[in-house]
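Here are my notes on the model you sent over.

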Amino acid sequence: MGKPRDWVQVIANGGIAAILLLLHATTGQEVLLWAAWISLAMSNADTWSSEIGQWAGGRVVDIVRWQQLPAGVSGGVSWQGTVGGALGAAAIASLAWIGTDSSFSQIILVAGVGFAGMLLDSVLGSLWQAKYIMPNGSWSDQPLFAKAQSPQRGWILMTNDAVNWFSNLLLVTVFLLFYW
């Protein structure tokens, strides 16, 4: 929240898909193409859920603890953001449908696993990402104005970019293990 997009975020959200596409181009294994689509669907679902959820406002709760959070804090979910995430995953699945010779079940798989990955990202963000208590008592991902510079929850090196990368890697790895 409040941080401009940068190259680290691009790598965290698109790097795994890029590697999978390169591996697909090298080996011709179609499963790697589908894993790349799933990776992109997850990243897009996560981005759309965050942006639409913050834009729409409404009540945001921690996906694990069910405590109210300010909009934009990692691990927070709202019904508006969740719907936005589903639309984001469906948008990438639609592109996969247009861009490949695929079945409807493969497209549902991309959208469903991408959406599930967005939820996984929220859970890992809630559990692992560094969280700080602000002077007003609310939670934040940013230590700048926090009461203490050490996180009260999570790990100091676990940023949103790290959570995005790790959850994407975990999702794609589980998908490939189930496939193989």
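1. Let's begin with Arg-65. With a relative accessible area of 32%, Arg-65 is partly exposed, because that value sits between the 20% and 50% cut-offs. Keep in mind that this is a predicted model. The side chain of Arg-65 meets that of Asp-62 in a salt bridge, at 3.5 Å from N to O. Asp-62 counts as buried, at 0% relative accessibility.

2. Asp-62 has another partner. Its side chain also meets that of Arg-153 in a salt bridge, this one at 3.9 Å, N to O. This pair ties together distant parts of the chain: Asp-62 sits in strand 1, while Arg-153 is in the loop between strand 4 (139-140) and helix 5, 91 residues apart. Arg-153 is at 13% relative accessibility, so it counts as buried, the cut-off being under 20%. How many salt bridges does the structure hold? Two, and Asp-62, Arg-65 and Arg-153 are linked by them in a network.

3. Val-110 is in contact with Trp-34, Trp-37, Ile-38, Ala-41 and Ala-93, leaving aside neighbours within four places in sequence. Phe-175, in helix 5, is buried with a relative accessible area of 12%. Not counting residues up to four places away in sequence, Phe-175 touches Val-31, Trp-34, Ala-35, Ile-38 and Leu-109. Trp-34 and Ile-38 turn up in the contacts of Val-110 and in those of Phe-175.

4. Helix 4 passes a simple length check. At 1.5 Å a residue, its 25 residues (104-128) should span 36 Å, and the end C-alpha atoms are 35 Å apart, which agrees. Its buried residues are Ile-107, Val-110, Ala-111, Val-113, Gly-114, Gly-117, Met-118, Asp-121, Ser-122, Leu-124, Gly-125 and Ser-126. What do the buried residues of helix 4 pack against? Their neighbours are helix 2 (30-56), strand 1 (61-62), strand 2 (76-77), helix 3 (79-99) and helix 5 (160-179).

5. Ser-39, found in helix 2, is buried with a relative accessible area of 0%. Beyond residues up to four places away in sequence, Ser-39 touches Ile-16, Ala-17, Leu-20, Asn-168 and Val-172. Ser-167 has its place in helix 5 and likewise counts as buried, at 0% relative accessibility. Leaving aside neighbours within four places in sequence, Ser-167 is in contact with Met-42, Leu-120, Asp-121 and Leu-124. Asp-121 and Leu-124 are among the buried residues of helix 4.

6. Is Trp-97 buried or partly exposed? Trp-97, which is found in helix 3, is partly exposed, with a relative accessible area of 44%. Leaving aside its neighbours within four places in sequence, Trp-97 is in contact with Ser-102, Phe-104 and Ile-107. Ser-74 is another matter: Trp-97 and Ser-74 are 23 residues apart in sequence and 31 Å apart in space, C-alpha to C-alpha.

7. Last, the surface. Trp-165, Phe-166, Leu-169, Leu-170, Val-174 and Phe-178 form a nonpolar patch there, with about 550 Å² of accessible area together. Trp-165 lies in helix 5 and is partly exposed, with a relative accessible area of 38%. Helix 5 is also where buried Phe-175 and buried Ser-167 are placed.

Definitions and conventions: Residues are numbered from 1 along each chain as its sequence is written. This is a predicted model: local features need pLDDT of at least 70, side-chain atom pairs count only at pLDDT 80 or more; totals for chains, interfaces and linings use all residues. Side-chain values use heavy atoms; hydrogens and water are left out. Helices (H or I, at least four residues) and strands (E, at least two) are DSSP runs, numbered from the N terminus. The expected span of a helix is 1.5 Å times one less than its number of residues. Buried means under 20% relative accessible area, exposed over 50%, partly exposed in between (1.4 Å probe, protein chains only). Contact means heavy atoms within 4.5 Å. Patches are made of residues with over 30% relative accessible area and no salt bridge: like charges are joined within 9 Å, nonpolar side chains (Val, Leu, Ile, Met, Phe, Trp, Tyr) within 5 Å. Accessible areas come from the Shrake-Rupley method with a 1.4 Å probe; for residues, only the protein chains shown count as cover. A salt bridge is a side-chain nitrogen of Lys or Arg within 4 Å of a carboxyl oxygen of Asp or Glu.
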